[in-house]
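This report describes selected structural features of one protein chain. The sequence and the coordinates are shown below.

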Amino acid sequence: PVLLGCGSAQPGGCPALCECSEPAKTVKCVNRNLTAVPPDLPPYVRSLFITGNPLTHLPAGAFPAQRLPDLASLNLSGNHLRTVEAGALALPALRQLDLSGNALASFSPQAFGEGGSPLEELALRGALRDHGVLLSLATLLQSGALRNLSRLELADNGLLLLPAGMFTALPALRQLDLSNNSLVGLRNVSFQGLGQLQSLNLSDNSLSVLWNSTLAQFRSLPALRHIVLGHNIWVCDCAIEDLVAWLKESDQVEGKEALTCASPDKMLGKALLKINGSDLNCSVPIDLPSQLQTSYVFLGIVLALIGAIFLLVLYLNRKGIKKWMHNIRDACRDHMEGYHYRYEINADPRLTNLSSNSDV
């Protein structure tokens, strides 16, 4: 194919600073110092590369749907994109989108338009360093606008935790890449509904343990056959028993023989598959929430028993208690009558004078 570098505003022409191939239906605008999307992209384009440019902003209609009806693959990686407005990516044939290597600060949940998108592959490697953008992406995914998405790449973003329910509206998802982040746990992450998920990459994170709730989700996904867990900081104490048992019985984890303990010191470098109960010395239950719940139940039973015994004692001694109450009542009444008699004497001046004369 002949690559044309000349500028042209005619239909079917090639924008200035871009290279076009009509037979391959491809346009490349790579490292051309572009600050905006060329307005005269040829309508035949199916694969568009705009990479390595100081492009910072994608406004609504940046890629006109009527002019680009066949655009299926869009690579915007390695630019300086900060803002993606609503409707900026509303393309009727878009199947692949790469926004990797941008410093996104604002990403509209309506970037793909109001009616959803046919998008199947989305790459956001190193583009989600801003927490607000991560929340916007979660809102977008949860809205169901990308229900056709089959591949999602979120690697190299320094993610610590993922928003709850982020993947619940992605029934067609087959590949999920969360590698090279800083994930410390997956307890708030739901993989339910991902019945087509085949590959999950969790390598190069900060995972210290996978709890039973997460392992149960992995077991329930019928298509999941490739899980990557390498280069995490596994803490080999009693909390890792469930993970070790799952690794020994499961064929889902790739390279599980190479998984080793990062701490404590006595377990450093030991293969997870070679850990047994004697190595962990689990004499105390480790499931603290369950232990506390059991303690509260036991405490409630004890308090109820004490209350029942107290009521039984009161019932058996009801006559003595009644007599004791009457005695207290009589004593109080006599005492109050004495106060009343003294009050009457002090209140009558004649009795007061008589009492004084008697004293003299």
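Which residue forms a salt bridge with Asp156, and how far apart are the closest N and O atoms? In this predicted model, the partner of Asp156 is Arg125, with the closest N and O atoms 2.5 Å apart.

## Salt bridges

Asp156 lies in the loop between strand E10 (151-153) and strand E11 (175-177), and Arg125 in the loop between E9 and H1, so their pairing ties together parts that are 31 residues apart in sequence. With a relative accessible area of 17%, Asp156 is buried, whereas Arg125 is partly exposed at 31%. Arg125 also forms a salt bridge with Asp177, where the closest N and O atoms are 3.5 Å apart. Because Asp177 belongs to strand E11 and Arg125 to the loop between E9 and H1, this second pair connects parts 52 residues apart in sequence. Asp177 counts as buried, at 16% relative accessibility. Arg125, Asp156 and Asp177 belong to a network of salt bridges that also includes Arg151 and Glu153.

The structure holds eight salt bridges. One of them joins the side chains of Arg95 and Glu120, at 3.7 Å from N to O. Arg95 is in the loop between E6 and strand E7 (96-98) and Glu120 in the loop between E8 and strand E9 (121-123), so the pair links parts that are 25 residues apart in sequence. Arg95 is partly exposed at 33% relative accessibility, and Glu120 is partly exposed at 34%.

## Nonpolar core

The largest nonpolar core comprises 86 residues. Those with the most contacts inside it are Leu58, Phe63, Phe112, Leu152, Phe167, Phe218 and Leu272. Elements that each supply at least two residues include strand E2 (26-30), strand E3 (47-51), helix H2 (212-220) and helix H3 (241-249). Helix H1 gives the most to this core, with six residues.

Leaving aside neighbours within four places in sequence, Leu272 is in contact with Trp234, Cys236, Ile240, Leu243, Val244, Leu247, Leu259, Thr260 and Cys261.

## Parallel sheet

Three strands form an open sheet in the order E4-E6-E8, with parallel pairing. Strand E4 (57-58) and strand E8 (106-107) are the edge strands, each pairing on one side only. E6 (residues 83-84) pairs with E8 over two bridges, and Val84 stands opposite Phe107 in E8.

## Nonpolar surface patch

Phe310, Leu311, Leu314, Ile321, Trp324, Met325 and Ile328 make a nonpolar surface patch of about 690 Å². Helix H5 (288-316) and helix H6 (318-347) each give two or more residues to the patch, and the largest share, four residues, comes from H6. Phe310 lies in helix H5 and counts as exposed, at 52% relative accessibility.

Note on methods
Residues numbered from 1 in each chain as written. Predicted model: local features only at pLDDT ≥ 70, side-chain atom pairs only at ≥ 80, totals over all residues. Heavy atoms only, no water. Core = buried A, V, L, I, M, F, W, Y, C linked by side-chain atoms within 4.5 Å. Buried < 20%, exposed > 50% of the residue type's maximum accessible area, 1.4 Å probe, protein only. Contact = heavy atoms within 4.5 Å. Patch = residues over 30% accessible without salt bridge, like charges linked within 9 Å, V, L, I, M, F, W, Y side chains within 5 Å. Areas by Shrake-Rupley, 256 points an atom, 1.4 Å probe, with all protein chains shown as cover. Salt bridge = Lys/Arg side-chain N within 4 Å of Asp/Glu carboxyl O. Pairing = 2+ DSSP bridges.
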